[in-house]
Amino acid sequence: MKALWSFFIHSILILCIYLWCPTTVSGLLQNETDGLALIAFKDGITHDSLGMLSYWNESIHFFHWIGVSCSRPHVHLVVAINLSPYGLVGPLSPHIENLTFLRTVILQNNSFHGEIPPQIGSLFHLRVLVLRNNSFGGEVPTNLSHCLNLKVLNLIDNKLIGKIPEELGSLLTLQTLSLSINNLTGKIPASIGNLSSLITLSAGDNHLEGRIPEELGQIATVEFIQLSYNKLADTIPSSLYNLSSLDYIDIASNQLEGSIHPNIGVFLPHLTGLFVLEKKFTGPVLGSLSNASGLIYIHFADNIFTRSGKALKSSNHKHERQ
């Protein structure tokens, strides 16, 4: 009887608080959910070489835990996890989906493995996802396309396989798409051309094939394109010459051929880096590159470009950016 009466009083108190301030109650419930999700995250870690997660315990509230950032005081909803680089080993817990107000996840330079949990697609507030330099395998989850506020998606240097999901083309706020140094196959989806806010596209060091899609020429905001060390074939799409904001383009070590427009320096005046290492490019020398006054890095390898009928050797600078 006592227990029943205590439960009744407790329920009445909760109801009164809810009627008085419903957002406080929902915040408190979410606060508890966030704490449980963080514990599940910790439980998935099999090795913590620096012992950083030993501070994740009940002796202090989780808003004081290393690598965890929370929102406004009193409610303490988790909005960011930044655990880079802490030498963490293990899978990424699917319970991360319960951190529903999460905006930033940065786990680069660790040893996370297994698949990227598709549950991340439930994080509708997510803006930054950086999983670079881990050992994630499997495919890029297609339902990352549900994270419509995503601005940065960086999955560089993992062990991802399969195709680049066409669904990523729906991320209209995405500014950085970095997929280099994986084992991705298939074609670059034409839907990437829908990423109207994209600034950086990096997909080098994979096994991509087919043509560079003409649709990339629709991304007026893009400044950096890195597609080297793939199996891309055919010619350079003429639409790329429309990208007047382009600062850097690296299409080296593919199977491309044909010619480069002799007025590339006029069309792309902001170029600072140009890398074309194929041996099948010919044509007149790129005299208009003088219009690209900021050009610092240029590498044409063994291509046969000419000026006034004479063969011209290109410079051999090397610049890497991912």
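**Group meeting: sheet pairing, aromatic pairs and a salt bridge**

Let me start at Phe 275, which is buried at a relative accessible area of 4%. The cut-offs are these: buried is under 20% relative accessible area, exposed is over 50%, and partly exposed lies in between, with a 1.4 Å probe and protein chains only.

Before going on, the ground rules. This is a predicted model, in which local features need pLDDT of at least 70 and side-chain atom pairs count only at pLDDT 80 or more, while totals for chains, interfaces and linings use all residues. Residues are numbered from 1 along each chain as its sequence is written, and side-chain values use heavy atoms, with hydrogens and water left out.

Now the sheet. An open sheet is formed by 11 strands, ordered β2-β3-β5-β7-β9-β11-β13-β15-β17-β19-β21, with mixed pairing. Helices here are DSSP runs of H or I with at least four residues, strands are DSSP runs of E with at least two, and both are numbered from the N terminus. For two strands to pair, DSSP must find at least two bridges between them. At the edges sit β2 (68-70) and β21 (297-299), each pairing on one side only. On average, neighbouring strands of this sheet are turned by 10° against each other, direction ignored. The axes behind that value are lines fitted to C-alpha atoms, for helices over the stretch in contact, and angles run from 0 to 180 degrees between N-to-C directions.

Inside that order, β9 (residues 152-154) and β11 (residues 176-178) run parallel and are joined by three bridges. Val 152 is placed opposite Thr 176 of β11.

Then there is β4 (residues 88-91). With β1 (residues 47-48), β4 runs antiparallel, over two bridges, and Asp 48 faces Leu 88 in β4. With β6 (residues 111-115), β4 pairs in the parallel sense over three bridges; there, Pro 91 stands opposite His 113. In general, strands of a sheet pair through backbone hydrogen bonds, either parallel or antiparallel.

Next, aromatics. How many aromatic pairs does a search of the whole structure find? Eight. The rule is that rings of Phe, Tyr and Trp (its six-membered ring) pair if their centres lie within 6.5 Å; planes under 30 degrees apart are stacked, over 60 edge-to-face, and the rest tilted.

Take Tyr 241 and Phe 267: their ring centres are 6.1 Å apart and their planes stand at 50°, so this pair is tilted. Tyr 241 lies in the loop between β16 (231-234) and β17 (248-250), and Phe 267 in helix α3 (residues 264-267), so to speak of sequence, 26 residues apart. Tyr 241 is buried at 11% relative accessible area, whereas Phe 267 is partly exposed at 31%.

Back to Phe 275. Its ring centre is 5.7 Å from that of Tyr 248, and with the planes at 45° the pair is tilted. Tyr 248 belongs to β17 and Phe 275 to β19 (residues 273-275), 27 residues apart. Tyr 248 is buried, at 2% relative accessibility.

Elsewhere, one aromatic cluster is made up of Phe 41, Trp 56, Phe 62, Trp 65, Phe 112 and Phe 136.

Last, charges. A salt bridge needs a side-chain nitrogen of Lys or Arg within 4 Å of a carboxyl oxygen of Asp or Glu, and the count comes to one. The partners are Asp 234 and Arg 211, at 3.4 Å, N to O. Asp 234 is in strand β16 and Arg 211 in the loop between β14 (207-210) and β15 (224-226), 23 residues apart. Asp 234 is partly exposed at 34% relative accessibility, as is Arg 211 at 39%.
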